[in-house]
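Hi,

Here's the structure I promised to pass on. Have a look at it first, and then read my notes below.

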Amino acid sequence: MTSKDVQLEIHDAVAVVRLTRPAKRNALSDGLILAVRKMFEEMPASVRAIVLDGEGEHFCAGLDLSELKERDAGAGMHHSRMWHAALEAVQYGPAPVIAALHGAVVGGGLELASACHIRVADESTFYALPEGSRGIFVGGGGAVRIPRLIGAARMVDMMLTGRVYNAQDGEKIGLAQYLVPQGTAFDKAMELAKRVATNAPLTNYALMHALPRIAEQPADQGFLTEALMAAIAQSAPEAKSRVKDFLEGRASKVKKA
Ligand code: 1HE
């Protein structure tokens with residue numbers, strides 16, 4: 001499954017998917033984006049959490065601009081749909097994905113990070129959507145996912161003016177949930193992934209597959225979907241044994257932050 005530009009390592013229940021094209025700042029060629037899709041679709045069943053990392057000084061420089069060709073409207077649409085399928089394989093894949101961000105998280109790199117469930121950024125991280133200045137538009141699902149993280153107004157500003165957010169401001173506006181010292185994003189992402197991997201698989205499934213859809217539903221439909229998901233999750237034997245463990249003093253308590 002490992003290819004020249006994207007590699008897979010398995011550490012017990014945690015998989016590490018790493019973009020390994022640092023000479024080109026992990027720019028996403030068609031081959032690379034297809035390899036990411038295949039890797040997520042063929043992930044071993046034992047994997048319970050995934051860390052997405054980029055080798056070198058930058059997480060990802062976005063679309064490989066050297067492959068940007070004159071495409072007619074139909075071919076352009078199919079190219080964008082190919083990205084959509086790959087990033088859906090990340091978002092709705094086998095396990096929650098924690099992105100370890102550093103350096104440039106730009107263009108399609110931000111679209112890829114937005115498809116992940118948790119983003120951990122170190123202090124070197126910066127975010128931009130240079131599509132505006134390249135005369136193009138987002139095409140990897142960014143128009144759907146990025147406004148849900150930061151609001152449409154901020155995304156419009158980033159694309160119209162070329163605004164770059166640094167790591168601190170990016171965390172404040174919701175581009176990342178965690179901000180950590182430079183050079184520690186991968187370690188923090190691994191720590192979180194190991195914790196995520198201990199959850200009941202059905203709970204993680206509900207968070208990945210039901211919650212984002214419930215959030216998009218009108219309230220009355222959302223309440224019903226929530227009730228159905230809650231009923232399915234709590235009827236699983238694992239939920240019953242976890243609750244019993246707590247009631248009998250064997251499970252950890254919630255500690256004050
Ligand atoms: C690339 C790319 C790329 C670097 N495609 N080759 N994305 C962008 O518009 C961002 C373009 N890249 C940059 O602004 C900078 O490269 C970085 C800020 C990311 C990094 O800067 P730096 O100084 O560390 O590296 P560099 O010297 O600019 O780049 C090193 C090499 O990577 C160089 O190639 P070389 O053969 O001269 O060594 C660069 O040409 C190459 N490189 N980024 C191709 N993106 C689904 S639609 C999504 C639409 C988009 O993503 S548009 C935004 C594209």
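One term before we start: a polar contact here is a pair of N or O atoms within 3.5 Å. Also keep in mind that this is a predicted model.

With that cut-off in hand, look at Leu-65: one of its backbone N or O atoms sits 2.9 Å from a nitrogen atom of the ligand. For Leu-63, a polar backbone atom is 2.9 Å from an oxygen atom of the ligand. On its own the ligand has 1,000 Å² of accessible area, and the protein covers 66% of that.

Now step back to the whole shell. The ligand is surrounded by 22 residues, and the closest are Lys-24, Ala-61, Leu-65, Gly-108 and Arg-134. By type, the shell splits into ten nonpolar, six polar and six charged residues. Which elements each supply at least two of the shell residues? They include β5 (104–106), α3 (108–114) and α4 (131–134).

Next, the domains. Domain 1 spans 6–196 and domain 2 spans 201–247, and their centres, taken over C-alpha atoms, are 27 Å apart. Where they touch, nine residues of domain 1 are in contact with seven of domain 2. About 680 Å² is buried between the two domains, with carbon and sulfur atoms giving 57% of it. On the domain 1 side, Tyr-92, Pro-96 and Arg-148 lose the most area to domain 2, together 59% of what that side buries.

Cheers

Definitions and conventions. Residues numbered from 1 in each chain as written. Predicted model: local features only at pLDDT ≥ 70, side-chain atom pairs only at ≥ 80, totals over all residues. Heavy atoms only, no water. Near = heavy atom within 4 Å. Polar contact = N/O pair within 3.5 Å; in protein donor to acceptor, adjacent residues only side chain to side chain. Areas by Shrake-Rupley, 256 points an atom, 1.4 Å probe, with all protein chains shown as cover. Helix = DSSP H or I, 4+ residues; strand = E, 2+ residues; numbered from the N terminus. Nonpolar A, V, L, I, M, F, W, Y, C, P; charged D, E, K, R; others polar. Domains from an automatic or database assignment. Contact = heavy atoms within 4.5 Å. Buried area = accessible area lost by both parts, 1.4 Å probe.
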